[in-house]
Amino acid sequence: MLGGVNGPVILAANHQSDLDTAVLLAALPRSWRYRVAPTACDACFASNGPITRVLKHLHYSLFLLFYNGLTLPRGIAPLRQAFRHMSWLVGKKWSILIYPEGEKATPEGLLPFEAGVGMIATRLQLPVVPVLIDGTHRIWNRSSRMIRPGPVLVRFGAPLWFQEEDYRAATQQVEQAIHALKA
């Protein structure tokens with residue numbers, strides 16, 4: 001399933017629903033499941049009004065508690081701190097789950113990937129395992145009020161190793177690998 005890699009990896013998955021992290025973790029072998037730190041954009045937890053702020057704070061707290069998640073801030077200076085935390089996690093044999101699209105996409109296709117996945121992979125010298133998640137948008141999407149039962153597909157691709165420092169090229173390779181998993 002994970003192409004014979006033993007140590008920490010970057011799991012790079014497309015993003016359709018808030019259920020994606022739970023579904024992907026459930027699809028992993030038990031030996032991997034409890035050593036994955038999912039990421040989320042810190043803007044996902046930002047809010048405008050007081051009630052929204054409380055709900056977003058609850059969502060953020062549950063994300064940290066149940067998934068041992070970490071947020072990826074926008075901007076270079078705050079990203080350095082997140083990168084140091086990821087380096088520490090990798091040193092402790094944790095894998096990183098990242099959604100390179102930066103936000104939830106439509107079910108018809110992928111959004112263009114942000115360059116962060118390539119930067120993290122090239123700087124940490126970790127293999128990237130491309131992951132396709134399909135079906136979670138039908139179960140629970142932005143407009144859903146309730147979760148509906150339905151089939152979900154999780155497909156893991158072959159690990160990608162990057163020797164060069166060109167993180168934009170690495171990001172393109174990851175994006176192409178996830179597109180190839182759709183076929």
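Here's a quick tour of this chain, from its overall layout down to a few individual residues.

What you're looking at is a predicted model. The chain has seven helices and six strands, and 44% of its 183 residues are buried.

**The whole chain**

- Take the contacts in the chain with a separation of 6 or more: 73% of them come from residues 24 or more positions apart.

**Where α5 meets α7**

- Two packed helices are described by the angle between their axes and the distance between the axes.
- For α5 and helix α7 (residues 167–181), that angle is about 115°, and the axes are 7 Å apart.
- Angles from 65 to 115 degrees count as roughly perpendicular, so that's the label for α5 and α7.
- The crossing of these two helices, α5 and α7, is right-handed.
- On the α5 side, V117, G118, M119 and T122 make the contact, while α7 brings in Y167, A170 and T171.
- Sort the residues in this contact of α5 with α7 by class and you get four nonpolar, three polar and no charged ones.

**The buried side of α1**

- Helix α1 covers residues 20–27, and its buried residues are D20, T21, L24 and L25.
- These residues span an arc of only 125° around the axis, so they sit on the same side of α1.

**Two loop residues with positive phi**

- K93 isn't a glycine, yet its phi is positive, at about 70°.
- You'll find K93 in the loop between α4 (76–91) and β4 (95–98).
- Is K93 buried or exposed? With a relative accessible area of 57%, K93 is exposed, since the cut-off for that label is over 50%.
- Q125 is another residue other than glycine with a positive phi, this one near 55°.
- Look for Q125 in the loop between α5 (116–124) and β5 (128–134).
- Q125 has 42% relative accessibility, so it counts as partly exposed.

Conventions
Residues are numbered from 1 along each chain as its sequence is written. This is a predicted model: local features need pLDDT of at least 70, side-chain atom pairs count only at pLDDT 80 or more; totals for chains, interfaces and linings use all residues. Side-chain values use heavy atoms; hydrogens and water are left out. Helices (H or I, at least four residues) and strands (E, at least two) are DSSP runs, numbered from the N terminus. Buried means under 20% relative accessible area, exposed over 50%, partly exposed in between (1.4 Å probe, protein chains only). Axes are lines fitted to C-alpha atoms, for helices over the stretch in contact, and angles run from 0 to 180 degrees between N-to-C directions. Angles under 35 degrees count as roughly parallel, over 145 as roughly antiparallel, 65 to 115 as roughly perpendicular and the rest as oblique. A crossing is left-handed if the near helix is turned anticlockwise from the far one by less than a right angle, and right-handed if clockwise. Contact means heavy atoms within 4.5 Å. Ala, Val, Leu, Ile, Met, Phe, Trp, Tyr, Cys and Pro count as nonpolar, Asp, Glu, Lys and Arg as charged, and the others, Gly among them, as polar. The arc is that of the directions from the helix axis to the C-beta atoms.
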